[in-house]
Number of protein chains: 2
Amino acid sequence: MRLLGIDIGGTKLAVSLGNEQGVIERRLRRPIEASGKPEADVVRIAEDVRKLLRDAGVAREDVAASGVSAPGPVDVERGSRGDPPDLPGWGTVPLVRLLSEALGRPVALENDANAAALAEWRFGAGRGRRNVVYLTMSTGIGGGLILDGRLFRGHHSSAGEIGHIPLEEAGARCACGLRGCFEAYAGGAAWTRRLRELAPESSRVVELAGGRSLVTPEHVVTAAHAGDVFALAELDRWCDIVARGITVLAFTLAPERVILGTIAVAAGEELCFAPLRERVRERVWPILGDGLEIVPAALGDGGADLAGICAALEALEPSSDLAKR
Amino acid sequence: MRLLGIDIGGTKLAVSLGNEQGVIERRLRRPIEASGKPEADVVRIAEDVRKLLRDAGVAREDVAASGVSAPGPVDVERGSRGDPPDLPGWGTVPLVRLLSEALGRPVALENDANAAALAEWRFGAGRGRRNVVYLTMSTGIGGGLILDGRLFRGHHSSAGEIGHIPLEEAGARCACGLRGCFEAYAGGAAWTRRLRELAPESSRVVELAGGRSLVTPEHVVTAAHAGDVFALAELDRWCDIVARGITVLAFTLAPERVILGTIAVAAGEELCFAPLRERVRERVWPILGDGLEIVPAALGDGGADLAGICAALEALEPSSDLAKR
């Protein structure tokens with residue numbers, strides 16, 4: 001069965017042709033920039049899709065389902081989206097309608113964190129588990145919830161906004177406008193801002209970045225692996241905050257597996273997952289901690305392909321009741 | 001169809017005979033005290049059940065299913081329980097086996113907050129909703145989650161421990177041993193301790209209670225309705241903390257309805273629900289706040305009967321996949 005996936009990232013577009021086993025037959029990648037004319041951007045995406053099909057020698061009638069994974073807010077029921085922070089102006093684009101028209105076929109829309117969670121659950125680090133939470137741990141902290149073996153979207157498809165759980169009353173200002181959000185402390189963008197203020201000029205972090213104003217969490221991870229004191233302290237602090245976020249999830253949802261993406265994957269077992277597990281365990285009851293596995297995402301860069309494919313698959317063979325209605 | 005419900009509360013036992021429509025045919029209530037010999041306590045409960053059936057003129061063969069709603073921790077899969085704070089020693093009692101043997105029929109076990117959530121969802125304030133969170137707001141803060149129209153139990157039936165979401169890092173000591181739990185600020189027991197330390201001797205609260213050492217949240221509610229300044233300030237503070245707890249739930253689960261029991265029901269619309277809605281709205285995104293209804297539990301004292309009946313019903317016509325296995 002051929003499936004078409006379109007993953008609209010903050011900076012990258014991934015169009016993929018694959019199947020329900022998660023095997024990718026052909027892919028296309030390109031940088032994505034908001035042109036300020038979202039409708040034109042969508043027309044260009046549709047052209048990319050047609051090109052991919054042409055190159056693969058596949059007729060669009062041979063594609064069983066197409067799915068789009070796009071940055072939230074996304075309303076799966078209503079097929080519309082709010083304004084994503086990375087793609088201003090896109091909030092008003094009827095993405096599903098435009099793409100469906102351009103492709104001459106229905107297209108299913110999924111929030112990117114949900115699609116990535118589905119991908120990790122079907123093909124990656126969440127395989128065979130019933131209750132899985134996936135956290136992107138990227139620029140922001142998106143979340144996708146697999147509960148009782150189904151994607152859980154919540155009312156108006158708004159569940160899983162784990163990055164905006166408040167950790168501090170009247171805390172740090174978040175990009176979303178609220179205060180004290182998990183993401184305002186542990187999201188990549190917030191961390192980057194912090195690092196550019198605090199990183200000592202003499203640190204390995206600044207040296208690696210080639211200047212304090214260029215420092216990112218990736219430099220912290222690299223420097224920490226090399227034993228840099230500032231980097232180790234920063235990662236330690238980050239793990240502590242991430243442990244607090246996971247603690248909230250444990251008491252609320254009792255997942256059996258929490259999968260962490262991007263920054264956590266880069267930081268790895270010794271600097272991230274081992275201390276994280278220990279700190280979560282200190283903060284939750286044994287019945288919750290004993291059953292909880294905290295693991296890195298497994299799909300890496302291929303996750304973008306599978307996220308789009310999973311959005312398509314969800315429309316065809318829905319894991320959730322909502323999609324069945 | 002006849003159903004038998006047994007609700008084991010911290011202080012009260014309710015045994016009820018009813019049907020799948022939530023109509024109660026006959027009930028029995030008595031205080032419950034831990035005798036220190038849990039097996040003897042269970043034998044006595046079995047006697048109460050037999051008496052109820054005898055008085056109703058119903059043979060036990062005519063009961064389609066029996067359910068027990070009991071204070072957590074409860075493991076529905078394994079049928080065993082940990083030690084509930086109110087009933088020390090009961091952690092070791094094979095409640096389901098003892099009751100099943102005594103009644104000569106299988107008995108289904110459900111965590112009391114889950115059973116109460118099912119009752120409000122099937123017969124009370126959550127009727128017809130797909131995504132409902134119920135919070136007991138009693139001595140502690142128990143939670144039950146109805147997600148996508150099913151009870152969600154989580155791994156090892158441990159989900160919904162909303163009372164132990166951490167609100168403050170290194171915060172107030174909770175009865176559970178951890179720090180900063182929601183319940184350590186807004187649970188009835190914690191609030192009672194606070195009131196007995198802080199209530200001014202001259203306040204209406206102390207006058208109503210007949211002494212500072214006797215003050216409870218109920219006195220605060222009564223005094224607040226009468227305009228007492230201390231009581232109003234205390235309720236205001238309580239609403240603020242409850243709003244913080246609900247905010248976490250909104251970002252995580254995007255429920256369409258949050259149902260609050262006991263203390264919130266007593267406080268009512270003007271002193272509790274109206275300010276609470278406003279404060280949650282200030283703390284969440286419009287897409288989450290607009291779809292979120294915060295309402296009082298509807299079942300009152302009859303909730304205990306229906307909780308037991310729902311535990312039985314869940315075994316017979318499970319809302320969840322887990323129970324279907």
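In chain A, the domain assignment gives domain 1 (2-118 + 302-324) and domain 2 (128-298), with bounds that come from an automatic or database domain assignment. This is a predicted model, where local features need pLDDT of at least 70, side-chain atom pairs count only at pLDDT 80 or more, and totals for chains, interfaces and linings use all residues. Residues are numbered from 1 along each chain as its sequence is written, while chains are lettered from A and ligands numbered from 1 in the order in which they are written.

**How the domains of chain A meet**

- The C-alpha centres of domain 1 and domain 2 of chain A are 27 Å apart.
- Domain 1 of chain A gives 20 residues to the contact, and domain 2 of chain A gives 20 residues; two residues are in contact if their C-beta atoms, placed from the backbone, lie within 7 Å.
- On the side of domain 1 of chain A that touches domain 2 of chain A, at least two residues each come from strand E5 (74-75), helix H3 (112-123) and helix H11 (303-316) of chain A. Helices (H or I, at least four residues) and strands (E, at least two) are DSSP runs, numbered from the N terminus.
- H3(A) provides the largest share of that side, six residues.
- By class, that side of domain 1 of chain A holds nine nonpolar, seven polar and four charged residues. Here Ala, Val, Leu, Ile, Met, Phe, Trp, Tyr, Cys and Pro count as nonpolar, Asp, Glu, Lys and Arg as charged, and the others, Gly among them, as polar.

**A sheet in chain B**

- Look for an open sheet of five strands in chain B, in the order E10-E9-E8-E11-E12 with mixed pairing; strands pair if DSSP finds at least two bridges between them.
- Strand E10 (150-152) and strand E12 (293-296) of chain B are at the edges with a single partner strand each, so one side of each has no neighbour in the sheet.
- Strand E11 (residues 257-260) of chain B pairs with E12(B) in the parallel sense over four bridges, and B:Ile259 stands opposite B:Val295 in E12(B).

**Two helices in chain B**

- Helix H3 (residues 112-123) and helix H11 (residues 303-316) of chain B pack at about 95°, their axes 8 Å apart. Axes are lines fitted to C-alpha atoms, for helices over the stretch in contact, and angles run from 0 to 180 degrees between N-to-C directions.
- That makes H3(B) roughly perpendicular to H11(B), a label for angles of 65 to 115 degrees.
- Residues in this contact include B:Ala115 and B:Phe123 of H3(B), and B:Leu306 and B:Cys310 of H11(B).

Notes
Parallel < 35°, antiparallel > 145°, perpendicular 65-115°, else oblique.
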